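Subject: Structure for your files

Hello,

Please find the structure below, with the sequence. My notes come after it.

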Amino acid sequence: MKTMGLYVHIPFCKKKCLYCDFPSFGNLEGKYEEYVCALEQEIERRGLLCRNWQVSSIFFGGGTPTVLSKELLARLLLKIKESFLISADAEITIEANPGTIEKEKAEALRKMGFNRLSMGVQAWQNRLLSTLGRIHTIEEFQYNFQNARKVGFENINVDIMFALPTQTFEDWKETLEKITELNPEHISAYSLIIEEGTPFYDKFQKGELLETDEELDRKMYHYAVAFLAEKGYQQYEISNFAKIGRQSRHNQIYWQTEPYLGLGLGAHSYFNGNRFHNTYDLDKYILANGEIPILEEENIAVTKKAAMEEFMFLGLRRTDGVSFEKFFERFEVEMTEVYGKAISGFLEQGLLVQTDQKIALTQRGIDLSNLVFVEFLLDE
Ligand code: SF4
């Protein structure tokens, strides 16, 4: 039977962080119930279209899924279990802001079937958390991390960020040290990107916040890669590190361009060779009440050319790289026939390395990955 992933979007947060451009809204408690009702309807309808598929991974993301009550979350998970065929060993992840996951809720989540928790802490220093507009302190994170362990979460990811305004190299080292002392199974480490439309962007425009210079950004990244390796975290993607056997199955689905369905507001899907996404308009989504509110104009069949480009961009993000054989299996043409010139150029420049039957980015290639990816775009 074919396997797929499910992504469930919960577009609510207690309060928006100042750097965040994810589709989520703060202070909308009044909409939670109606949203969950519409989402349940969508889950049911989509499930009817996926009778021949087995779900190997479910990811509740956001937003902050844990702003919902345990009753609402239980309803959603139950509806998924009733509507889709779920593998017995499915990875079932929920993202949690450390300020929204007290012990009782963590215990309820574990009991209802979530077996992986992803906590966004971002930094160890309260002054940086406050600069970012996070709603929690580091003490709350520590307390709730330990509680999650106590109630049985044996697979926890922690998100951290570098290149933050006023963050020093020492701050970053401390964050890495303290987080690894907690021994989570997985760590995601992202460089802050200032996105247009966020309060951070306005502050940078006005000169009220200073951007981290490129040299410090790279120094922090290289330090993290070496430090995490020393602590037993294997880097398996540009920004992701895991203990052996603890790579996120859900992320792998995205990077290996395997099929997944996105459920909920603005959620993206790649399914049956098509890419599409739901509306970003919350009221429209709720009013549609599960009528599969896809933006039709975005429901596009992925062309062979676009599929090849994605295969290369996403595959090269993984430290494992992309396999010549898998490329041929997928597209019935040799990778070198399509990309021979780009590959040999990057091998010569030391941005790619060829091992066995694969190519992968070198450390320098990772630093210049945006430049590399551009060369994998194909002419019309
Ligand atoms: S908690 Fe996450 S999704 Fe919500 S505003 Fe902050 S960064 Fe964005």
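Predicted model: local features only at pLDDT ≥ 70, side-chain atom pairs only at ≥ 80, totals over all residues.

Helix pairs

On the H2 side the contact is made by Lys 70, Leu 73, Ala 74 and Leu 77, and on the H3 side by Lys 105, Ala 108, Leu 109 and Met 112. By class, the residues where H2 meets H3 are six nonpolar, no polar and two charged.

The second pair is H6, residues 169-182, and H8, residues 214-230. Here the axes lie 11 Å apart and the packing angle is about 25°. H6 is therefore roughly parallel to H8. The crossing of H6 and H8 is right-handed. H6 contributes Phe 169, Trp 172, Lys 173 and Leu 176 to the contact, while H8 contributes Leu 216, Lys 219, Met 220, Tyr 223, Ala 224 and Phe 227. Sorted by class, the contact of H6 with H8 has eight nonpolar residues, no polar ones and two charged.

Ligand

Which residues surround the ligand? They are Cys 13, Lys 16, Cys 17, Cys 20, Phe 22, Ser 24, Gly 62, Gly 63, Thr 64, Asn 97 and Gly 120. This shell divides into four nonpolar, six polar and one charged residue.

Single residues

Phe 25 belongs to strand S3, residues 25-26. There are 13 other C-beta atoms within 10 Å of Phe 25, so this residue is partly exposed. Leaving aside neighbours within four places in sequence, Phe 25 is in contact with Pro 11, Phe 12 and Leu 282. Phe 25 and Glu 104 are 79 residues apart along the chain, and their C-alpha atoms are separated by 25 Å.

Is Lys 284 buried or exposed? Lys 284 sits in helix H10, residues 282-288. Lys 284 has 12 C-beta neighbours inside 10 Å and therefore counts as exposed, the cut-off for exposed being 12 or fewer. The C-alpha atoms of Lys 284 and Leu 265 are separated by 9.3 Å, with the two residues 19 apart along the chain.

Regards

How values were computed
Residues numbered from 1 in each chain as written. Contact = placed C-beta atoms within 7 Å. Helix = DSSP H or I, 4+ residues; strand = E, 2+ residues; numbered from the N terminus. Nonpolar A, V, L, I, M, F, W, Y, C, P; charged D, E, K, R; others polar. Near = placed C-beta within 6 Å. Buried ≥ 20, exposed ≤ 12 C-beta atoms within 10 Å, placed from the backbone. Axes fitted to C-alpha atoms, helices over the stretch in contact; angles between N-to-C directions. Parallel < 35°, antiparallel > 145°, perpendicular 65-115°, else oblique. Left-handed = near helix turned anticlockwise from the far one by under 90°.
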